[in-house]
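Have a look at it first.

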Amino acid sequence: MIAGRSVDAVPFQQEARRLMYLLVGRDHDDREAKRMLGSVLYGLGSTLASAGQPDESLAALTECAGVYEELGELGEPEMRPLVADVHVRKALVLADLGRGVSAVIEADQAVMTYLELGAGSSDSPLCLDLARVLSLNASVLYDYGDRDLAVCSADWAVRFYLSQAEALNEGPQTEAFVHGRYLRGSAGIAARVHIQQGRPEIALAVGATEVHTARAMALTNAPGDLAHLVNALVHHGLNLREAGRGDEAGEFIGEARELDPLTTAEATRAWQSLTGQDTGSAERSPSTTFAAALAAAARRLGDDRVPSVLRDLAFDPADGATTMVPSLRCEKQTAPAVATLLAGLAVDLLDDPDPHSARDAGLLGREAHYLFAAASRAQVLSMRYQFHDFGATWARMLLALIPAFETGPGGAVIATDLAGWLAGITLRLQPFALVDQVSGRLVEECNALVERLLP
């Protein structure tokens with residue numbers, strides 16, 4: 001949507017929201033009015049995001065989720081997919097704001113909802129919706145999470161889309177274009193991660209899908225779609241060149257140059273950065289995957305500090321893995337214990353002098369945070385009845401991590417995001433502070449940090 005038109009639409013949608021609240025207020029049992037209110041709020045949230053008002057967008061989407069959840073509790077059917085769509089929309093807005101931790105958790109909830117609804121079956125009417133959500137989840141994880149999770153999510157999005165190709169081709173063209181852009185995005189992420197992680201054959205296969213889809217999307221002649229096509233052509237061509245298929249590579253890169261020489265040059269530099277060919281330094285880069293961060297922790301802290309239960313959580317994305325979100329790393333009932341082990345590694349890594357240790361601690365600490373949050377969301381018994389222990393471990397880890405993010409490059413927003421979570425954890429620890437001096441001191445430390453970052 002054009003930004004100017006988005007701004008123009010906001011007053012109209014805000015007035016519609018006011019009128020719908022009036023209708024709901026007159027008859028609180030009017031479920032159809034509540035459905036309409038939820039739809040208006042969802043539309044308003046999307047419009048506000050397009051209009052460059054992300055905070056207002058989040059507020060509207062949060063309202064929308066509350067309305068849909070209330071309808072679900074009243075027994076209204078088909079509310080869970082709507083709530084999931086709100087979660088993934090919030091994830092995109094949060095990611096644009098740099099609040100990556102909350103973005104990953106929102107996207108996780110959306111994926112888990114669709115999986116619980118059986119959308120993972122190719123004959124499910126929700127299969128395309130799951131593919132769309134997995135594509136968006138992959139983009140959030142690529143920027144703010146474990147790249148292995150990101151590529152697994154992207155790979156499955158591509159698989160689901162290809163399984164539904166006939167239905168999409170025979171359906172409305174507008175729907176095909178919408179899903180085509182998601183397929184293009186997930187294929188692009190999969191190709192980037194696979195080539196970066198040394199799986200050129202898979203990168204070439206999925207890269208071909210990206211190019212094919214990008215060509216179809218570029219029929220719109222929209223600048224953004226044309227730019228995507230150029231990037232896809234360049235990256236696929238350079239991957240072909242690395243595979244020794246120079247003639248084919250030249251055709252793709254030549255096509256890109258004819259379309260846009262400037263974007264071709266930019267895409268080439270981006271590929272060189274991605275594959276590490278833009279620097280002569282042999283210095284090892286910071287980890288971007290959970291598995292690599294665990295390996296780094298074992299090197300720096302000792303093998304005995306990384307128990308097998310954590311090593312078993314790592315997986316090979318090329319081996320048919322289905323771990324697409326942090327929640328799927330382990331069983332919900334064991335998540336608090338696993339998160340506790342990860343939290344200990346993260347805190348210990350922060351004391352290590354290696355310059356990359358803080359980055360690895362941040363990755364492992366975020367994964368611990370996601371597992372704690374997932375267990376809390378699922379109301380796992382140990383999180384309800386042993387929060388004195390698990391909640392305190394969660395809080396202490398965040399107390400250590402937040403300052404590290406705060407002083408790191410581009411991490412101030414993440415630090416603030418985590419501080420918001422710490423505020424909620426501290427509130428739940430408050431009753432223990434009244435009877436336990438250790439908990440009391442912990443709560444005081446947490447409150448001091450939260451008040452500094454969230455005045």
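Q: How many residues line the largest pocket by class: nonpolar, polar and charged?
A: Keep in mind that this is a predicted model. The lining of the largest pocket has 15 nonpolar, 11 polar and seven charged residues. The volume of this pocket is about 830 Å³, and 33 residues line it, with L136, S139, R181, G185 and H228 the closest to its centre.

Q: Which elements give two or more residues to the lining of the largest pocket?
A: They are α4 (79-96), α6 (127-144), α9 (173-196), α10 (200-217), α11 (223-242) and α13 (261-274). With 11 residues, α9 gives the most.

Q: What makes the protein as compact as a globular protein of that length?
A: The secondary structure comes to 21 helices and zero strands. The radius of gyration is 23 Å, and the globule rule gives 23 Å for 455 residues; the two values are close, so the protein is as compact as a globular protein of that length. Along the principal axes, the C-alpha atoms fill a box of roughly 75 × 65 × 40 Å, and buried residues make up 49% of the 455 residues.

Q: Why is the aromatic pair of W156 and F160 called tilted?
A: The structure holds two aromatic pairs, and this is one of them. The ring centres of W156 and F160 are 5.6 Å apart, within the 6.5 Å limit for a pair. Their planes are at 40°; planes under 30 degrees apart would count as stacked and over 60 as edge-to-face, so the pair is tilted. Both residues lie in helix α7 (residues 147-163), four residues apart, about one turn of the helix.

Q: Why does F160 count as buried?
A: Buried means under 20% relative accessible area. F160 has 9% relative accessibility, so F160 counts as buried.

Q: Why is the pair of F372 and W394 called stacked?
A: The planes of the two rings are at 20° and the centres 5.2 Å apart. Planes under 30 degrees apart count as stacked, so this pair is stacked. F372 lies in helix α17 (residues 357-377) and W394 in helix α19 (residues 387-407), so the pair ties together parts that are 22 residues apart in sequence.

Q: What makes R159 a charge over the ring of W156?
A: The distance limit is 6 Å from the ring centre, and the charge must also be within 35 degrees of the ring normal. The charged end of R159 sits over the ring of W156, 4.4 Å from its centre. R147 likewise lies over the face of Y142, at 3.8 Å from the ring centre.

Q: Why does G344 count as partly exposed?
A: G344 is in helix α16 (residues 335-349). Buried means under 20% and exposed over 50%, with partly exposed in between. G344 has 26% relative accessibility, so G344 counts as partly exposed.

Q: What lines the largest cavity?
A: About 30 Å³ of space lies in the largest cavity, and the count comes to one cavity of 30 Å³ or more. Its lining is S327, C330, E331, K332, A335, L371, A374 and A375, with the largest share, three residues, coming from α17.

Technical notes. Residues numbered from 1 in each chain as written. Predicted model: local features only at pLDDT ≥ 70, side-chain atom pairs only at ≥ 80, totals over all residues. Heavy atoms only, no water. 1 Å grid on protein atoms, 1.4 Å probe; cavity = no way out; pocket = protein on both sides within 12 Å on 5 of 7 lines; lining within 4 Å. Points joined across faces, edges and corners; volume = space filled by probe spheres on them. Nonpolar A, V, L, I, M, F, W, Y, C, P; charged D, E, K, R; others polar. Phe/Tyr/Trp six-rings, centres within 6.5 Å; stacked < 30°, edge-to-face > 60°. Buried < 20%, exposed > 50% of the residue type's maximum accessible area, 1.4 Å probe, protein only. Rg over C-alpha atoms; globule rule 2.2 N^0.38 Å.
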